[in-house]
Amino acid sequence: MVERFLKQTTFSSVEDFKKNLHFIIPENFNFAYDVMDAWAEEKPEKLALLWTNDQGVEVRLTFSDLKERTDQAAAYLQSLGIGHGDMVMLILKRRLEWWITMLALCKIGAVAIPATHMLTKHDIVYRNTRASVKAIICANDPYITKQILAALPESPTVKVLIAVGAEGEEMPEGFHNWHKELENAPAFVRPEHVNTNSDTMLMYFTSGTSGEPKMVAHDYLYAMGHLTTGVFWHNLNENSIHLTVADTGWGKAVWGKLYGQWFAGATVFVFDHEKFNADTLLRQMEKYRITSFCAPPTIYRFMVREDLSKYDLSALRYCTTAGEALNPAVFDKFKEATGIQLMEGFGQTETTMTLGTMPWVTPKPGSMGIPNPQYNIDLIKPDGTSCEDGEKGEIVVRVGDRKPIGLFKEYYRDEELTREAWHDGLYHTGDVAWRDEDGYYWFEGRIDDVIKSSGYRIGPFEVESALMTHPAVVECAITGVPDEIRGMVVKATVVLGKEWKQKAGDELVKELQNHVKRETAPYKYPRIIEFVDELPKTISGKIRRVEIRNKDKQK
């Protein structure tokens, strides 16, 4: 499959990848037809999706099964008046139907807007009105349907509601019954014209660490941009069984549960569960012989606190992480327990993977890796000049005459915000990093997160990494607190391991402060330490430092 879209399909070194990564771009590329239906024709009985849940239900779908189900779903959606360019919001949690619907919408040229199940009425109204949502397809969950119905009076563009539940389950009034009505769908006829490469295929409302969510619009080539994610960064092939931990309302779901994995012909494994538990997840990996695993650093932090020798992870070959910078202490503990090195990657909702540790790259614990040649990556100083090695600067994408495959089209209906982030040939990520002499990039934080104290610029991640090497610390967030003398001082908000909670107090504060002084430059140590049960996070698992800062301002 990969040879249809790349001039060279195997690479052996950084130089080889940089020099010879070239895409073959069809005129009107459509992932559902050109990849998924092509697999159904070539290898109809190959297992594509292995779905299970915390109730023990298990579903196995081949590529042929997926073609049949997505054709049926596409016809059903057409029968409800959904077609090219229509905005369709999906609030499906980890239900099997999310994968079916994502592909079905692709087949009819409608725009998919994945969303988290934690949205409130206010959130739903905001999304419906900003994007002119026409249809909402959701899990038949009382909380979800209640919020949707409450939002309807203020959502004039919404014309169709569809609920997905168990067979025979009653639907709330006003909702179409997915399973009941799907059976009566007419035969699917592919539209004469589905899409161009520049049409909008997918849109995300970014969870963001501050401000109202932005609407990130992606074209049809975005799916192709993830070929490098699945085939190279995840290092997948047709024999792989891949598990990515991600809610389907977060962009990481299409990074790890859809596009790149199926370019590789891998089996996508899904565990539908209500609440994360490290032991339960590890038992699933053991039972289903997972070969490849990807999760944000938060998940690995909880995993390494388990006794990993209790689980048979002998099938596991490759592990990756993204979503936030990885603390070296977690890298070391996981490698010691499993023998597997965590391969880090970096990107945004607006991009595919821009920096990463590919199989031919030796990982440096804590580094995001090196640039993906799909993008022209640079670091710039506030004056716009490029950084030298060792200098901190903003990560930018230099955009030439042709937009890189995988970079977003625009912030939908917001020209001003688009120009703010993308101007003078540069897309500004808003993330700060530095580059070492070997070309590896090291994350410092968001521009707004950098702490200026007594003339020093302190990145939160470097202090967090130092704290994470102490056995008491499960998670932590570093922020700046205003100070009359120093301008700002460093504050640590810390989640302790259960065996350390009773020790929370002045003595442990001093111990942690001294630990940081030993691990990194002493001026970075947190002068304030607060112990909490959990950190505020976005749905994607990113720490909301802005929320901590705002609470401190109100004190």
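## Helix H3

Helix H3 covers residues 63-79, 17 residues in total. From first to last C-alpha, H3 reaches 24 Å, close to the 24 Å expected at 1.5 Å a residue. That expectation is 1.5 Å times one less than the number of residues. Helices here are DSSP runs of H or I, at least four residues; strands are E runs of at least two, and both are numbered from the N terminus.

Gly-81 follows H3 with a positive phi, near 85°.

## Basis of the model

This is a predicted model: local features need pLDDT of at least 70, side-chain atom pairs need 80 or more, and totals for chains, interfaces and linings use all residues. Numbering runs from 1 along each chain as its sequence is written, and side-chain values use heavy atoms, without hydrogens or water.

## Nonpolar cores

A nonpolar core is a set of buried Ala, Val, Leu, Ile, Met, Phe, Trp, Tyr and Cys residues joined through side-chain atoms within 4.5 Å. The largest has 92 residues. Phe-31, Val-254, Tyr-259 and Trp-262 have the most contacts inside it. Helix H4 (residues 97-108) gives the most to this core, nine residues. A second, separate core of 48 residues includes Leu-50 and Val-516.

Val-254 touches Trp-98, Met-102 and Tyr-259, among others, leaving aside residues up to four places away in sequence. Contact means heavy atoms within 4.5 Å.

## Whole chain

The chain has 18 helices and 27 strands. Buried residues make up 60% of its 555 residues.

Terms used: Buried means under 20% relative accessible area, exposed over 50%, partly exposed in between (1.4 Å probe, protein chains only).
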